[in-house]
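Hi everyone, thanks for making time for this. I'd like to walk you through one structure and how some of its parts sit together.

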Amino acid sequence: MAGLIKREDIDEVRNRVDLREVVESYVTLKSAGIGSYKGLCPFHDERSPSFHIRPQLGTFHCFGCGESGDVIAFIQKMDHSSFTETVELLAARINYELHYEDGGPGPRREDYGKRQRLVDAHKVAEEFFRAQLATEEGSAGREFLAGRGFDPEVTAQFSVGYAPKGWDALLKHLRSKGFADDELKLTGMFSEGNRGIYDRFRGRVMWPIRDLSGATIGFGARKLYEDDQGPKYLNTPETSLYKKSQVLYGLDLAKKQISKSRQIVVVEGYTDVMACHLAGITTAVATCGTAFGTDHIKIARRLLQDDGTGGEVIFTFDGDAAGQKAALRAFEEDQRFIAQTYVCVEPTGADPCDLRLHRGDEAVRELIGLKRPLFEFAIRAELKKFNLNTVEGRVQALRQTAPIVAQIRDSAIRPAYARELAGWLGMNNEDVNRSVGASIKRARLPKNAEQQLPVPAQGAEQPVAVPAFERPDHRDPVMRLERQALEVVIQQPQRLQDEQWQAFYEARFMAPAHSAVHDGIVAASSAGASATSWVEVIRDEVPEQLRSFVSELAVTSIPASDEHSLNRYCADIINGLIELQITHRKAELIGRLQRAEMEPEGEEYAQINRELMELETRRRILRGT
């Protein structure tokens, strides 16, 4: 095994990798000022974007949960990889050759990080399945796909493949590529029996399931032969790479358009995703053998930038009882979205793939265009259970549907649906409103304490866990100016003139947390930290409890819209800090002067007065008066 990666190589990888490009593989970002971007945090569920990055400094920070760090820390947290594995992964991303303390060239392929080995195995398997689709045996797969309206060009576009009927075709192939059985057992592509491992997928059409970065992490397989005793669809089981509740088929293809159009269309199957994309609905994704749940919602919300300023979540379901049930399950999760949620149910029971096959691309687009609000669908589905021609039926229906209306959190939409419900029931508005109000009161006590937490406002300062340091109260003008000065020096060090740097070095910060960060900046400057490693060196120089605080200071938006206003703001803040130091020094000197008045002719008295005059002159120069 190779030794430790050389420090200069780690710094080089950190400096060369584009933090924004990496983060945008997981989070939709939008501008938050000059050189700053924000989005919904990938580390905790939130409604207002409090996750900020500053690519020029290579730093991210979430004001909501306090997570922070550089690009290496980001990938470690997202992929649960070790430090060495992460650096090696990022180095491979930019084709940078790493060097190790023992002089070795780095890990051999067979010694590479476990996660990367699993990813590599899936890549090789995907290529194998695609090649098998073109063989004589693969004709069964080609016929199935052609019957669903997909020609070879389309199947290649979606990387669809075929798993041979034998028990060890894939196993032999991966072994020949240098993969050991102990590794292959972890991929989920093999089952284990008395004689060892064997292919899990046999005689099936294969769809690669990818993560947000585009890496294949699992497969979905559809059976083709009558003698196959397995289920119609068979997916990769849970592995360290593949968590079915956290993946969406087609998301790697759809993520850019989802972010751009602020729309995500959730369909039920792999062929439905293909049909939608071919019909121009390029925001379509599908779950992989499980219901659309909480973890899927977190992913979707980050891509939608689900912050209350627009966006659509559209569910498509079959018109049968199972489809209706699935739509109602989606309704149960709807309140986690701020975006408007819709449902499309095809009355004939045709899915998007069937629609495209029999009626063309336009029929698929029409289905999506006929979306109905999910609230309306859920209420109407419940009303169908009762005989609304009788008084008893209407009363029972009201009892069942009033709680649905009560669940609508948007106070502007809820009354409108109450009026709609009154019309559908043929009842008095007051009676319906009274029933909805009663349901709201019954549901007022939340199911868990988390729901009681207020949603943080965009950019609002959130408590950061710094046990050894009390968080400064920035309502205090002095504390606020100190913080702003630290933000400027951390984010824009190149804008300070020599005399400003000297004044900053000599500055005394009143808040202990600010003072510790000031000392860290001075130490980083003395160490000659480069522009790209500037923030990380400062983080290393401060007490551990304040490292997140440094990242927060590094990404906080500076109120400037262009270079001119940014230069002016930075100069004003640093000059303000200098003037604050002058004020502090004058207060000290005036106190000494009062004590020296007993000997007004003494040298100390004269010296204090000279310094006071110099300070006042300096203050006037700063103010331009």
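Let's take residues 41-65, where the end C-alpha atoms lie 8 Å apart. By content, that span is 0% helix and 32% strand. UniProt, in an unreviewed entry, places a "zinc finger region: CHC2-type" at residues 41-65. Do keep in mind that this is a predicted model.

Next, the sheet. Four strands make it up, in the order E6-E9-E10-E11, with antiparallel pairing, and the sheet is open. Which strands are at the edges? Those are E6 (161-163) and E11 (233-235), each pairing on one side only. From one strand to the next, the twist averages 35°.

Inside that sheet, E9 (residues 204-210) and E10 (residues 216-223) run antiparallel and are joined by seven bridges. Val205, for example, stands opposite Arg222 in E10. Two helices come in here. Helix H5 (residues 114-133) packs on the sheet, touching E6, E9 and E10, and its direction makes about 35° with that of E10. Helix H11 (residues 270-278) also packs on the sheet, where it touches E9, E10 and E11, at about 70° to the direction of E9.

Finally, a helix pair. The axes of H23 (residues 534-541) and H24 (residues 547-555) come within 8 Å and cross at roughly 150°, so these two helices are roughly antiparallel to each other. The crossing is right-handed. On the H23 side, the contact is made by Val535, Ile538, Arg539 and Asp540; H24 brings Arg547, Ser548, Val550, Ser551 and Ala554. By class, that gives four nonpolar, two polar and three charged residues.

That's my tour, and I'm happy to take questions!

Terms used:
Residues are numbered from 1 along each chain as its sequence is written. This is a predicted model: local features need pLDDT of at least 70, side-chain atom pairs count only at pLDDT 80 or more; totals for chains, interfaces and linings use all residues. Side-chain values use heavy atoms; hydrogens and water are left out. Axes are lines fitted to C-alpha atoms, for helices over the stretch in contact, and angles run from 0 to 180 degrees between N-to-C directions. Angles under 35 degrees count as roughly parallel, over 145 as roughly antiparallel, 65 to 115 as roughly perpendicular and the rest as oblique. A crossing is left-handed if the near helix is turned anticlockwise from the far one by less than a right angle, and right-handed if clockwise. Contact means heavy atoms within 4.5 Å. Ala, Val, Leu, Ile, Met, Phe, Trp, Tyr, Cys and Pro count as nonpolar, Asp, Glu, Lys and Arg as charged, and the others, Gly among them, as polar. UniProt positions are given in the numbering used here, feature names are shortened, and annotations may be inferred rather than shown by experiment. Two strands pair if DSSP finds at least two bridges between them.
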